[in-house]
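Please walk through the structure below, with attention to how its parts meet.

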Amino acid sequence: MTNPSKSLEVTIIAPNTQALHTLCDLPVGGTGIVRQLSGGREFTNVAASLGFTPGVEVTMVQNYHHGPLIVSLRDTRVALGRGEAVKILVEVV
Amino acid sequence: MNGQGGAITIALTGQPNVGKSTVFNVLTGLNQYVSNWPGKTCEQRIGSLNHNGLEIQVVDLPGTYSLTANSVEEQIARDYIIQGQPDVVAAVVDAASLERNLYLLAELLSLPSPLVLGLNRLDVAEKQGLHIEAHVLEAALGIPVIPMVASKGQGVRELLEACVLVACNPHEYLPNRPEIRADHKAVMQEISTLISGRVPEPYPKDWVASKLLEGDEEVGRMMQSSLEERWQPVHDILLQHEDAFLAVASGRYEWIGRMVRAAVVRPKPGQVTVTDRLDRYATHPVWGLLILLCALGILFFFTYALGSPLQAWLELNVVQAGAVWVSTLLAAGPDWLVGMLSQGVIAGVGTVLTLLPILVIFFIGLGVLEDLGYMARAAYVMDRFMHPMGLHGKSFLALFLGFGCNVPAVMGTRIIESPKARLLTILVAPLAPCTARLTVVALLSPIFFGPNAWWISLLLIALPMGVLLLMGKGLHEFALGGEHTAFIMELPLYQLPNFKEIGKGVWQRTLDFLQGAGTIILVVSVIMWALSHFPGGEIEESFLAVIGRALAPVGNWMGLDWQMMVALLTSFVRKENTIPTLAVLYGAGQDGASLAQVLGGQLVPAAALAFLAVQVLFVPCVATVAAMVEETKSWRWTMLSVGLLLVISLSVGVGIYQGARLLGVGV
């Protein structure tokens, strides 16, 4: 199988690549559509099972621009660290 | 297991926080058996019940978000369903977050065991403004869907009946199964063809193909050894499609979207829920910390304000009274028998008994915080501080409460989901300074240090905390691989605690403690008594004294004599034992001499400091060790922690005394 420590990039071609931001950049109340996930297989797997898949709408619930943040997606709230949030790229709507 | 003697096995699955354990408890009552999954430090709960003359076994699988082998829990759940082949799998989902919950169902559908869906927490969903038509969902999925409010006992019986019906009529089970996204159908087909005929029993071929595409390492290893030389072409395809797992995941969610579309009526957007309002404070960087401190303060207060008087009462009226009663009853019996019963057995039972009030109150507190949904918020607030050590935000909660007693700290680590973070927390938990060790420090430091006692005592409290941080960091880097688990977790909805369910949980955990840890404590107490009593009947001439004298050379490096070493050894039963042992060995009480008088001149300050430093860092008490064995289910990890503490404590002791000698202070 693939080397687990190898970082893996997964890109789903977005309609407008310039408009992609990391999840960290989303202001409170702002909504984005997940377009791309990067990072190790373990993280992407966990993120996907919690609902972060390309095309899903994510709304920022808490973001103090430092420390972890809270988003809402698929009727649930998910807390994640900034290190994890930068691996999720969204198209701001 | 399958169909043995007309019995039916139901496997209970679900994501975390969906009320699955409530369903399990309602189904099986107190008729449950707790052990560990073979070879895993993860709890296995099996219960049984009789339904219309049918013997039914219910296996509670660990809560998981998916079935990819990302964690021990996920591995256990899927191995059990594939290899254990239960007659039916009951998937419990939270109606209030249906889409995300159905992700696990989508995975379960590709496995052969028939499914029944328990649509739990419909009341919470209604409050959120979500309306779900169970029969519409049932028609779409092609499997029975049972509306439930398990916390009120609603729907549990219907779930059981549906399970029995499906288990007895497996041929009528025709579910609608999710498919991979259209753009990956061809490659999935290609892999299916390549592995055809070589998939080990009882794994379903399509499931294995899908897991290979998802990049599942365990399935990859299994197929590599099964395919041998034919693995290479499969591996090449997988390398070209490293992004496929997102296609699989998105495929599942697209399918879920289609399934729920007709069945769910959503609330108008922009509604602010109670959870949102509470979270504005509970997860705020400043308010959140204050709320956490208050919550812990209240828990701490109840544990000790209610627990300590109860402990004292039990000690006086049960333990001491019991010892007196045994001595009078057996006055004519041999000395060793009276001694063993009154000082060995009753001391052991007493340790267990006096721990109970604190443990029960602590379990209730944790149960309430967890049931409320607050625990995840506490973890969120603390995580940034604990993460660098490889610990989890929830580790802080357990460790903080260990300041009173290490036993609840170790038992409290059950709130930590990540097995690595949990193990690490258990291994460092004995370093949280407990009240028993603080008592020893508080009693002895005025004798040794006079007016300087207060600041030396503070240093002695800070010392284990410093060692805790270093040992946590060290174990994280060297023994547990050093990798940080990603911080990403669900924040469940707040809800009112269900005291009936909490009560059952507390009862079950207390029983577990009595059976597991209680037995170890009792046995060790008797052994330690025997060591201090035989052969001569006096501790001065006992085996323990012999061991103490043998350890005298080690003691010498710290400026300590053999009596001090014996005192450290007896502290293994109970940390407070140091005091009476010293009193006996130095002859306090003879000629009216107090402990302070006989001990005052015995040690130079450097040796006294070394002694107390060893005392606060030493091997944890037997109750803590027993709790560690009970919780890690591993003597190896427990002994690693105990061994490390032994080495660290003696090294610090030697370091202090020898350092002081080099510098010429305090000797």
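In this predicted model, the C-alpha centres of domain 1 of chain B and domain 2 of chain B are 25 Å apart. Domain 1 spans residues 7–172 of chain B, and domain 2 spans 182–265.

Now look at where they touch. On the domain 1 side of chain B, 29 residues are in contact with 20 residues of domain 2 of chain B. Together the two domains of chain B bury about 2,200 Å² between them. Carbon and sulfur atoms carry 64% of that area. Within domain 1 of chain B, the residues that lose the most area to domain 2 are Arg78(B), Ile82(B) and Tyr103(B). These three account together for 24% of what the domain 1 side buries.

Across the interface between the two domains of chain B, the rule finds 4 salt bridges. It also finds 10 residue pairs in polar contact there, both residues at pLDDT 80 or more.

Which elements build the domain 1 side of chain B that touches domain 2? At least two residues each come from α2 (72–84), α3 (98–108), β7 (131–132) and α5 (134–141) of chain B. α3(B) gives the most, with 7 residues. By residue class, this side of domain 1 of chain B divides into 16 nonpolar, 7 polar and 6 charged residues.

Terms used:
Residues numbered from 1 in each chain as written. Chains lettered and ligands numbered in written order. Predicted model: local features only at pLDDT ≥ 70, side-chain atom pairs only at ≥ 80, totals over all residues. Heavy atoms only, no water. Domains from an automatic or database assignment. Contact = heavy atoms within 4.5 Å. Buried area = accessible area lost by both parts, 1.4 Å probe. Salt bridge = Lys/Arg side-chain N within 4 Å of Asp/Glu carboxyl O. Polar contact = N/O pair within 3.5 Å; in protein donor to acceptor, adjacent residues only side chain to side chain. Helix = DSSP H or I, 4+ residues; strand = E, 2+ residues; numbered from the N terminus. Nonpolar A, V, L, I, M, F, W, Y, C, P; charged D, E, K, R; others polar.
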